[in-house]
Amino acid sequence: MVAVGGSIGTGLLLGTASAIELAGPAVILSFALAAFISWTVSLALGELASMHPAAGSFGVYGDLYLNDWAGFISRAGYWAAIAVSIGAEMVASATYMRLWFPGVPAIAWVLIFSLFLLSTNLLRVHSYGRFEFWFAMIKVTVIAAFIVAGSVLLLSGRAAQQYTTHGGFFPLGATAPLLAITFAIYTFGGVEFVAVTSGESTSPREVTRAVRSTFMALAFLYLGAIAVLVGIMPWNHAGVSESPFVTVFRSISILGAAHFMNFVVLTAALSGANAALYISSRMLFSLARTGWAPPVLGRLSSNGAPAYALLVSAYGILVALVLERWAAAKAFEYILRGAFLGMMLSWIVSLAAHISFRRRLTSEEAAKLPSRSPLGEWGSVLGLAVVLLCIGKTWWDSRVNLMSGLALLIGLTAAYAAIKHWRGDRVIG
C-alpha cells in the first residue's frame with residue numbers, strides 16, 4: 001500500500017489532464033504502453049528483490065550486477081527525482097484547496113501540509129505503515145468505485161461516449177500518444193517503491209507478492225480510470241486548474257459530488273507526498289550507509305527513522321514554495337518533467353541489472369529462484385529497449401526534457417567522480 005499510495009497521486013489525478021490535452025482519447029494507448037513497461041520492471045524487481053532485499057534496491061542491484069557508477073546514478077538520481085516530486089504533490093494539494101478556500105495563498109497550504117507530512121514520517125515505521133495504508137485506501141476505494149460507476153454509465157448508454165466525438169480517437173495525430181508518454185510513465189512510477197521498502201520487510205517472498213500485487217492494482221486502476229475518464233469527459237475540456245476527476249463528478253447531478261471527489265484527490269496527493277518522503281529518505285539513507293553521502297545521513301533516530309535523511313529529502317517542499325511564488329501556472333509541469341529521468345534511471349538500471357543477473361545464472365539456479373519471471377531475461381531486454389526509445393522520443397520532442405536530462409546525467413557523473421576522488425577510489429571508466 002505504500003507503493004500504491006505513492007503512485008496514485010498527482011500523476012493520475014492531475015497529470016492526466018496534461019496527458020489528455022496532448023493525445024486526446026488516444027491517451028489510453030499511452031497508458032497501455034506505460035503499463036507494459038511497468039510490467040517488465042515489476043517482473044525484474046520481483047526476482048532481484050527476492051534475492052537481495054535491501055533499502056538501496058536497484059542501486060544495490062546496479063552495484064552487484066553492473067558497476068558502482070550505475071548503482072550511484074540510479075540511487076542519487078532517483079532520490080533527487082522522488083524528493084522533488086514531493087513538491088509536485090504539494091503544488092497539487094494547494095491547487096485542490098483552492099476550491100474551498102480561494103482566498104488563501106497556495107504557499108500557506110504548502111507549509112501546513114509539509115509540517116504534517118514531516119511529523120508523520122518521524123513515526124516508527126510500523127505506525128507509519130498503518131497510517132499510510134488507510135490514507136491510501138481512501139483513494140484506491142474511490143477510484144475503483146469511479147471505474148465501476150463510469151463503466152456502468154458508458155455501457156448502459158446513460159453517458160454519451162466521447163471516444164470519437166471531438167475529432168476522432170486520434171484528434172491530434174497518430175503519434176500523439178507518444179507525446180503523452182512522459183505523463184503516463186510518470187503515473188506508473190511507484191511500482192519500484194516495493195523494492196525500496198524490501199529492506200524493512202520480514203520475508204523475500206512477501207516482497208515478491210507485493211511487487212506483483214502492486215503492478216496489478218496500478219494497471220487496473222490506471223487503465224480503467226483513464227478509459228472511463230476520456231469516455232465520459234470530452235478530451236478538450238481537460239485542464240490543470242482542477243483534477244479532471246473533479247470535473248467529471250461536477251457534471252454529475254449528485255449533491256456534493258465534486259466536493260467529495262476534491263477531498264479524495266487531496267488525500268491522494270498528500271498520501272503520494274507521504275510515500276515519496278518515506279522512499280526518498282530511505283534512498284538517501286542507503287547512499288549514506290554505502291559511503292556515497294555524508295555519514296550523518298545514515299543515522300537512525302530512537303524511533304528507527306532516518307531523521308536527518310528525512311529532513312534533507314524534504315528539499316522538494318522548498319522547490320514547491322519557489323515555483324508557487326514565481327511560476328505558479330507551470331509549477332506542476334516543471335516539477336514532473338524535472339523528475340522524469342531521475343525516476344527512469346531506476347527502471348533502466350533495474351532492467352539492465354536483471355539482464356546481467358539472469359545471464360550469470362545456470363538453468364538449474366534460475367529454476368530455484370524464490371520469484372521467477374515468466375519472461376526471463378528477454379522480458380527485461382524488451383522493456384529496456386522500450387524505455388530507452390520512450391526517453392529518446394521525449395528528448396526529441398522537448399528541448400526542456402533534453403536539456404534537463406543531459407544536465408542530470410552530467411551532474412550525477414560529476415558527483416560520482418568527485419566522491420570517488422574524495423574517498424580515494426579509482427574512478428571506473
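1. Thr-267 is found in helix H14. Helices here are DSSP runs of H or I with at least four residues, strands are runs of E with at least two, and both are numbered from the N terminus. Thr-267 is buried, with a relative accessible area of 5%. Buried means under 20% relative accessible area, exposed means over 50%, and partly exposed is in between (1.4 Å probe, protein chains only). Not counting residues up to four places away in sequence, Thr-267 touches Phe-135 and Ile-138; contact means heavy atoms within 4.5 Å.

2. A word on the model and its conventions. This is a predicted model, in which local features need pLDDT of at least 70 and side-chain atom pairs count only at pLDDT 80 or more, while totals for chains, interfaces and linings use all residues. Residues are numbered from 1 along each chain as its sequence is written, and side-chain values use heavy atoms, with hydrogens and water left out.

3. Overall make-up: the protein has 20 helices and zero strands. Of its 429 residues, 57% count as buried. Among contacts with a separation of 6 or more, 82% are between residues 24 or more positions apart.

4. Val-84 is an example of a residue in helix H6. Val-84 is buried, at 13% relative accessible area. Val-84 and Ile-317 are 233 residues apart in sequence, and their C-alpha atoms are 7.4 Å apart in space.

5. How many aromatic pairs are there? Rings of Phe, Tyr and Trp (its six-membered ring) pair if their centres lie within 6.5 Å; planes under 30 degrees apart count as stacked, over 60 as edge-to-face and the rest as tilted. By this rule the count is 10. One of them is the tilted pair of Trp-79 and Tyr-315, with 5.4 Å from centre to centre and 45° between the planes. Trp-79 is in helix H6 (residues 68-97) and Tyr-315 in helix H16 (residues 315-326), so the pair links distant parts of the chain, 236 residues apart. Trp-79 is buried at 17% relative accessible area, whereas Tyr-315 counts as partly exposed at 26%.

6. Trp-292 and Tyr-416 form a stacked aromatic pair, with 5.6 Å from centre to centre and 25° between the planes. Trp-292 lies in the loop between helix H14 (257-289) and helix H15 (307-313) and Tyr-416 lies in helix H20, so the pair ties together parts 124 residues apart in sequence. Both Trp-292 and Tyr-416 are buried. Together with Phe-72, these residues form one aromatic cluster.

7. Arg-358 lies in helix H17 (residues 331-360). Is Arg-358 buried or exposed? Arg-358 is buried, with a relative accessible area of 13%. The side chains of Arg-358 and Glu-47 are joined by a polar contact of 2.6 Å. A polar contact is a pair of N or O atoms within 3.5 Å; within protein, one must be able to donate a hydrogen and the other to accept it, and residues adjacent in sequence count only if both atoms are side-chain atoms. Leaving aside neighbours within four places in sequence, the contacts of Arg-358 include Glu-47, Ala-366, Leu-369 and Arg-372.

8. Helix H19 (residues 376-397) and helix H20 (residues 399-423) pack at an angle of about 120°, with their axes 5 Å apart. That makes H19 oblique to H20. Axes are lines fitted to C-alpha atoms, for helices over the stretch in contact, and angles run from 0 to 180 degrees between N-to-C directions. Angles under 35 degrees count as roughly parallel, over 145 as roughly antiparallel, 65 to 115 as roughly perpendicular and the rest as oblique.
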